[in-house]
Amino acid sequence: MINRAVHDIMIGLFVGISMGATGIGAGIISVPLLIHSGLTFKESVSVSMLMQLLPQSILGVRNYWNEIKWNTSIRVISASVIGIYIGSYIIVKNIISQNLIYKILTIILLASSFYFYFNFW
């Protein structure tokens, strides 16, 4: 079995490459991988949230600097702060069961997969 630290580093590298190349990774890829690695849903989400909090995206932002739509970015980021608070509150306070969250995550992953498959293959 792979050492936990090596496994975590492999997940981080995969998610980082995905985030840098596609903008997708922090949640939609890291959370399922972390759950599969043995973390609970809440633990996986906390790692993903911390990953987004840290300035690891600075190098990626630098590479995409000329493509940034500032007005859109400010609106989306501002609204996401409120949404993140609401979503994390719902989970931490067990307002929605962990089983239902797994089902919602599965639907999101399937819908995303179908979208990319039918629009870009």
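Of the 121 residues of the chain, 16% count as buried. Buried means under 20% relative accessible area, exposed means over 50%, and partly exposed lies in between, with a 1.4 Å probe and protein chains only. The model is predicted: local features need pLDDT of at least 70, side-chain atom pairs count only at pLDDT 80 or more, and totals for chains, interfaces and linings use all residues. Residues are numbered from 1 along each chain as its sequence is written, and side-chain values use heavy atoms, with hydrogens and water left out.

The chain has six helices and zero strands. Along the sequence the pattern reads α-α-α-α-α-α. Helices (H or I, at least four residues) and strands (E, at least two) are DSSP runs, numbered from the N terminus. Along the principal axes, the C-alpha atoms fill a box of roughly 40 × 35 × 35 Å. Take the contacts in the chain with a separation of 6 or more: residues 24 or more positions apart account for 50% of them. Contact here means heavy atoms within 4.5 Å.

Start with Ser30. This residue is found in helix 2, which covers residues 30–36. Ser30 has 0% relative accessibility, so it counts as buried. Its contacts, leaving aside neighbours within four places in sequence, are Val15, Gly25, Ser48 and Met51.

Now move to helix 5, residues 70–92. The expected span of a helix is 1.5 Å times one less than its number of residues. Asn94 follows helix 5, in the loop between helix 5 and helix 6. Most residues other than glycine have a negative phi. Asn94 has a positive phi, near 55 degrees. Asn94 is also exposed, with a relative accessible area of 52%.

Helix 6 spans residues 98–120 and includes Phe114. Between Phe114 and Thr40 there are 74 residues in sequence and 26 Å in space, C-alpha to C-alpha. Aromatic rings deserve a look here. Rings of Phe, Tyr and Trp (its six-membered ring) pair if their centres lie within 6.5 Å; planes under 30 degrees apart count as stacked, over 60 as edge-to-face and the rest as tilted. By this rule there are nine aromatic pairs. One is Phe114 with Phe118: the ring centres are 6.2 Å apart and the planes lie at 20 degrees, so the pair is stacked. These two residues are four apart in helix 6, so about one helical turn separates them. An α-helix has 3.6 residues a turn, so residues three or four places apart point the same way. Phe114 is partly exposed at 48% relative accessible area, and Phe118 counts as exposed at 61%. Ring pairs link Phe114, Tyr117, Phe118 and Trp121 into a cluster.

Helix 6 also gives the most to the lining of the second largest pocket, with four residues. A pocket is found on a 1 Å grid over the protein atoms alone, as an open set of points where a 1.4 Å probe fits, with protein on both sides within 12 Å along at least five of seven lines; lining residues have an atom within 4 Å of a point. The second largest pocket holds about 200 Å³ of space. Its lining consists of Thr22, Ile24, Ile28, Ile29, Leu109, Ser112, Ser113 and Phe116. By class, that lining has five nonpolar, three polar and no charged residues. Ala, Val, Leu, Ile, Met, Phe, Trp, Tyr, Cys and Pro count as nonpolar, Asp, Glu, Lys and Arg as charged, and the others, Gly among them, as polar.

Technical notes: Grid points are joined across faces, edges and corners, and a volume is the space filled by probe spheres set on the points.
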